[in-house]
Amino acid sequence: ESRDSARRMENLSWRYYDKLYGIYERVHKRFPKVLLENCSGGGGRCDLGMMRRFHFTQISDNWDPPNQIRILNGMTIGLTPEQCMPLVGSINPRVADLDFVIRTGMFGHFTLSGAFPNVDRVNIEGMARWKHGIELYKKFIRPWLSSCKVYHHTPMQNFRKRGDWVVLE
């Protein structure tokens, strides 16, 4: 959309992004040690202009483990794994294998929220699996994540149609 502004034609989208990027650049300059998270907005704010100004982005509000890994697969075609933050935890619409849930977050900026529905329902065996997964991520995966190469053996997924499998290497 454009409008006349004084003596020139002005593009409102260009002006919006110019100002928005400026805000994040000033925040980063003033607080250089603060990690900035970009929320995906349905993937609408994951362009390279935004991601240049953020450390990582929450790739989806969809917590369903099969969908989460498919979203990560697609997002890592354009963004580095350490920029992609899959949010994993107990909030998902189906019963899922806990180790699979944990693994869906390991090949990105691993973030855990709500390991159990509430503190009164903590499962000791489940807690041991979460601790194991977090330790594996911190000690083994995270150190090499920023320098790894990602191979998409199933690169293009139709999100509306479930596939049989997704392979990231």
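What follows is a guided walk through this structure, from its overall plan to a few of its residues. The model is predicted, so to speak of local features a pLDDT of at least 70 is needed, side-chain atom pairs count only at pLDDT 80 or more, and totals for chains, interfaces and linings use all residues. Residues are numbered from 1 along each chain as its sequence is written, and side-chain values use heavy atoms, with hydrogens and water left out.

Let us start with the overall plan. The protein chain has five helices and seven strands, where helices (H or I, at least four residues) and strands (E, at least two) are DSSP runs numbered from the N terminus. Read from the N terminus, the order of elements is β-β-α-β-α-β-α-β-β-α-β-α. Of the 169 residues in the protein chain, 34% are buried; buried means under 20% relative accessible area, exposed over 50%, and partly exposed in between, with a 1.4 Å probe and protein chains only. The protein chain exposes about 11,400 Å², and carbon and sulfur atoms supply 55% of it. Such areas come from the Shrake-Rupley method with a 1.4 Å probe, and for residues only the protein chains shown count as cover.

Now look for the sheet. Three strands form an open sheet in the order β3-β4-β5, with parallel pairing. The edge places belong to β3 (37-39) and β5 (84-85), each with a single partner strand, so one side of each has no neighbour in the sheet. Two strands pair if DSSP finds at least two bridges between them; β3 and β4 (residues 56-58) are joined by three. Along this pairing, Cys39 stands opposite Gln58 in β4.

Met50 counts as buried because its relative accessibility is 1%. Contact means heavy atoms within 4.5 Å, and leaving out residues up to four places away in sequence, Met50 touches Leu20, Tyr21, Tyr24, Asn38 and Arg45. Leu20 and Met50 are 30 residues apart in sequence, yet their C-alpha atoms are 9.1 Å apart in space.

Next comes helix α3 (residues 65-78), where Asn73 has its place. Asn73 is buried, because its relative accessible area is 0%. Beyond residues up to four places away in sequence, Asn73 touches residues including His152, Pro155 and Leu168.

Pro86 sits in the loop between β5 and β6. Pro86, too, is buried, with a relative accessible area of 0%. Among the residues Pro86 touches, not counting those up to four places away in sequence, are Ile59, Leu72, Thr104 and Gly105.

Thr104 and Gly105 lead us to helix α4 (residues 98-106), whose buried residues are Val101, Ile102, Thr104, Gly105 and Met106. Their cover includes α3, β6 (87-88) and α5 (124-145).

Finally, turn to the largest pocket, with about 270 Å³ of space. Of its 14 lining residues, Ile69, Phe100, Trp165, Val166 and Val167 are the closest to its centre. Helices α3 and α4 each supply at least two residues of this lining. On a 1 Å grid over the protein atoms alone, a pocket is an open set of points where a 1.4 Å probe fits, with protein on both sides within 12 Å along at least five of seven lines, and lining residues have an atom within 4 Å of a point. Points are joined across faces, edges and corners, and the volume is the space filled by probe spheres set on them.
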